[in-house]
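Take a look at the model first, then we'll go through the contacts.

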Amino acid sequence: MQQGEIAIQDFGPDHIEGAVALSRQENWPHRPQDWQMALQLSSGAVALDDQGRVAGTILVTPYGADCAMINMVIVDRNVRGKGLGRRLMEQALALAGDLPLRLVATADGMPLYEKLGFVPSGTILQHQGKVAELGALDGGEAAVANDLPDIKALDRDAYGADRQALIDALAERGQFAVIRRNGAIEAYAAIRPFGRGEVIGPVIAGSYDEAKALIAFFASTRPGAFLRVDTDSRTGIAGWLEEIGLAHAGGGVAMDRPPKNGTEQIRPKIYALANQALG
Ligand SMILES: CC(C)(COP(=O)(O)OP(=O)(O)OC[C@H]1O[C@@H](n2cnc3c(N)ncnc32)[C@H](O)[C@@H]1OP(=O)(O)O)[C@@H](O)C(=O)NCCC(=O)NCCS
């Protein structure tokens with residue numbers, strides 16, 4: 001494959017098969033359904049060689065008019081180091097327009113993102129494995145359909161952006177749990193099928209104990225199941241995830257463009273991401 005013969009096009013449903021092949025090459029766990037969900041929420045670009053094969057991917061996932069996540073940035077191993085990653089990023093920047101951007105960088109991606117003005121803001125830890133037998137902790141309960149507007153409002157407070165479309169996509173595929181106090185929803189978590197099993201996230205809670213109760217609400221009913229939780233190192237929840245059988249398995253560096261202004265989040269807080277790619 002020669003770099004000169006590679007064209008950049010809009011990412012459409014026909015490119016999912018090729019995209020899955022690329023993510024498998026990286027040992028990323030995304031199934032076609034996981035790419036479909038990401039594409040449903042995003043616009044994006046693919047790099048196609050002269051045979052029409054997918055040689056690179058990128059998605060831009062807008063959260064309302066507030067910000068966008070750049071994700072699923074992959075270039076075929078055979079054509080790396082020739083400027084294709086940068087071409088895909090430039091296409092993504094054009095798709096994002098003026099929106100502030102966020103992403104979670106792998107070591108491979110960091111140099112490119114730094115050159116494009118992204119600045120580190122945190123460390124994301126992936127935890128996954130077969131969950132141990134675990135008792136339910138007090139507090140969590142299953143959400144009902146009527147809870148979705150309150151879940152969306154809580155999520156917006158914590159994330160600082162309108163992720164209604166993401167929450168609707170999670171509701172199509174998974175379940176939600178909430179913690180209520182005096183009838184109001186104070187914390188929520190979602191679970192959905194993803195990769196090798198299920199992913200728990202987002203988890204938005206006012207305290208560490210609430211976050212644990214929500215994760216335990218799902219995990220306690222799934223002994224031996226393969227679960228994944230992606231968390232920011234500052235939440236302090238990684239040690240407990242290890243204890244319940246979810247071992248540290250990689251992660252990345254959260255980056256922003258322009259840089260965040262440094263104000264620390266007070267509460268409610270993001271204890272787990274939807275996943276590393278979606279933030
Ligand atoms: C990240 C990735 C997409 C980059 O693709 P690529 O086609 O090799 O990227 P490019 O050839 O456009 O190189 C990007 C830039 O990074 C620079 N770069 C790459 N590695 C570097 C390093 N170790 N130190 C300094 N700069 C580096 C290149 O010089 C280039 O800079 P330039 O545009 O100013 O010349 C590719 O490595 C990949 O698919 N990795 C696996 C999946 C992954 O981790 N994706 C990132 C997810 S966040």
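How far is an oxygen atom of the ligand from an N or O atom in the side chain of K115? The distance is 2.8 Å, a polar contact in the sense of a pair of N or O atoms within 3.5 Å. T106 also has a side-chain N or O atom 2.6 Å from a ligand oxygen, and for R80 the figure is 3.4 Å.

A word on the ground rules: this is a predicted model, where local features need pLDDT of at least 70 and side-chain atom pairs count only at pLDDT 80 or more, while totals for chains, interfaces and linings use all residues. Numbering runs from 1 along each chain as its sequence is written, and side-chain values use heavy atoms, with hydrogens and water left out.

## The shell

There are 21 residues around the ligand (a heavy atom within 4 Å of it), and V73, G81, G83, R86 and T106 come nearest. By class, the shell has 10 nonpolar, 5 polar and 6 charged residues, with Gly counted as polar.

β4 (67–75), α3 (84–96), β5 (101–105) and α4 (110–115) each give two or more residues to the shell. The biggest giver is α4, with 4 residues. Helices here are DSSP runs of H or I, at least four residues, and strands are runs of E, at least two.

## The record

The unreviewed UniProt entry annotates residues 6–155 as "domain: N-acetyltransferase". Over residues 6–155 the chain is 31% helix and 32% strand, and the end C-alpha atoms are 40 Å apart.

Key:
Polar contact = N/O pair within 3.5 Å; in protein donor to acceptor, adjacent residues only side chain to side chain. UniProt positions renumbered as here; feature names shortened; annotations may be inferred.
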